[in-house]
Amino acid sequence: MRINQVISNEELLQLKDYVTRLNNIVITCHLSPDGDAIGASLGLMHALESLGKTVHVVTPDMPPRSLAFLPGAKDVYIYTKHEDTVKNLLERANLIFCLDFNALKRIDTLAPLVAHAKGKKVMIDHHLDPEQFCDLTISYSRMSSTCELVFRALMGIGMMKQINRKVADCLYTGMITDTGNFSYNSNTPDLYLIVAELVARGINKDRIYNLAMNTSSADRLRLLGYALSEKMQVFPESHAALITLTKEELDRFNYKKGDTESLVNMPLQIPEVQWSIFLRDDETYIKVSARSQGEFAVNTICEQHFNGGGHKNAAGGEFIGSMSDAVAVFMSLLPQFADTNVNNNNKTENK
Ligand code: 5GP
Ligand code: MN
């Protein structure tokens with residue numbers, strides 16, 4: 001297969017050396033894992049297992065139910081549930097993959113365990129500004145997804161044969177969840193050559209889309225309907241939109257983790273809206289999600305005001321304070337964005 005090389009030769013050589021020599025492998029990914037984090041982790045696990053390696057996937061917290069269909073999902077060790085096992089696995093591993101995150105704080109309570117683990121550490125990620133805590137850092141922020149990078153890494157070290165149906169199911173899932181089913185960050189021809197390879201391995205792409213991205217509970221649909229109808233505020237003069245959900249409102253709709261996924265994107269459908277903020281009361285803090293279009297950078301807003309960061313068009317944070325404090329911060333930002341140029345032709349996002 002012919003695609004442009006992205007990962008450097010030096011990185012591939014080092015990766016190949018680790019994968020050849022080291023047999024006891026742990027793979028981990030970020031807190032509140034999404035399709036890319038879990039897809040990359042399980043995809044890499046299946047590929048390495050078919051080389052005869054011992055591989056375990058550990059996550060800081062529970063993956064969403066929508067990803068339970070992925071092969072191997074039930075074998076994931078969740079730190080909040082299997083604390084001792086996860087500690088043990090990390091202590092014993094001689095190779096640790098850190099997938100889909102760029103900084104230790106993104107794995108929350110797992111951070112000290114990974115930081116102090118003795119195994120070789122390899123980051124494979126597509127977020128900006130990787131922290132240097134790994135022995136090998138494979139970080140390319142223009143990639144659609146970590147799953148695309150894992151495919152490229154496997155290909156680059158001669159493991160195309162190990163990309164079997166299970167690997168393909170997992171990697172395809174991350175590629176669609178991180179690109180909105182190829183509706184943003186997906187303008188490179190290589191992406192579709194990779195998709196063709198995965199489809200050739202027998203994946204049912206329509207089934208994966210339906211299970212990973214197009215399945216909701218009735219409670220979730222009602223919560224989204226309520227949020228849009230009763231809680232969305234639009235500020236056309238500042239090209240902004242805000243949605244807030246309090247603890248009481250979340251409880252009323254029997255909120256489960258993942259239920260508000262994609263809500264923050266919806267106001268961007270309005271032509272006047274260039275940036276969108278969603279504030280959710282998670283009790284210990286106000287979870288901030290931010291999305292924007294084109295050149296409007298929401299990561300700087302999250303860094304400066306909401307104790308967070310992320311990508312230009314997709315960012316977030318954890319605001320310490322009350323919901324009304326967080327709303328006040330948002331309101332105080334509006335005047336500076338009045339009359340900025342609206343560019344609606346470029347709806348991009350990177351997760
Ligand atoms: P989401 O809104 O889907 O939770 O997060 C979108 C993106 O924003 C993530 O992929 C991540 O890059 C960034 N992000 C979300 N929450 C945080 C946070 O609390 N801190 C930082 N630094 N980045 C975040
Ligand atoms: Mn990702």
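Which strands does helix H1 lie across, and at about what angle does it run to E6? In this predicted model, helix H1 (residues 9–21) lies across strand E4 (95–99), E5 and E6, at about 125 degrees to E6. Local features need pLDDT of at least 70 and side-chain atom pairs count only at pLDDT 80 or more, while totals for chains, interfaces and linings use all residues. Residues are numbered from 1 along each chain as its sequence is written, ligands are numbered from 1 in the order in which they are written, and side-chain values use heavy atoms, without hydrogens and water.

**Sheet and helices**
- Six parallel strands form an open sheet, ordered E3-E2-E1-E4-E5-E6; helices (H or I, at least four residues) and strands (E, at least two) are DSSP runs numbered from the N terminus, and pairing requires at least two DSSP bridges.
- Strands E3 (77–78) and E6 (136–139) stand at the edges with a single partner strand each, so one side of each has no neighbour in the sheet.
- Strand E5 (residues 120–125) pairs with E6 over four bridges in the parallel sense, and Val122 stands opposite Leu136 in E6.
- Helix H5 (residues 146–156) also lies across E4, E5 and E6, at about 120 degrees to E5; angles run from 0 to 180 degrees between N-to-C directions of axes fitted to C-alpha atoms, for helices over the stretch in contact (heavy atoms within 4.5 Å).

**Ligand 1**
- An oxygen atom of ligand 1 is 2.7 Å from a side-chain N or O atom of Ser289.
- A polar side-chain atom of Arg291 lies 3.0 Å from an oxygen atom of ligand 1.
- E12 gives the most to the shell around ligand 1, with five residues.

Key:
A polar contact is a pair of N or O atoms within 3.5 Å; within protein, one must be able to donate a hydrogen and the other to accept it, and residues adjacent in sequence count only if both atoms are side-chain atoms.
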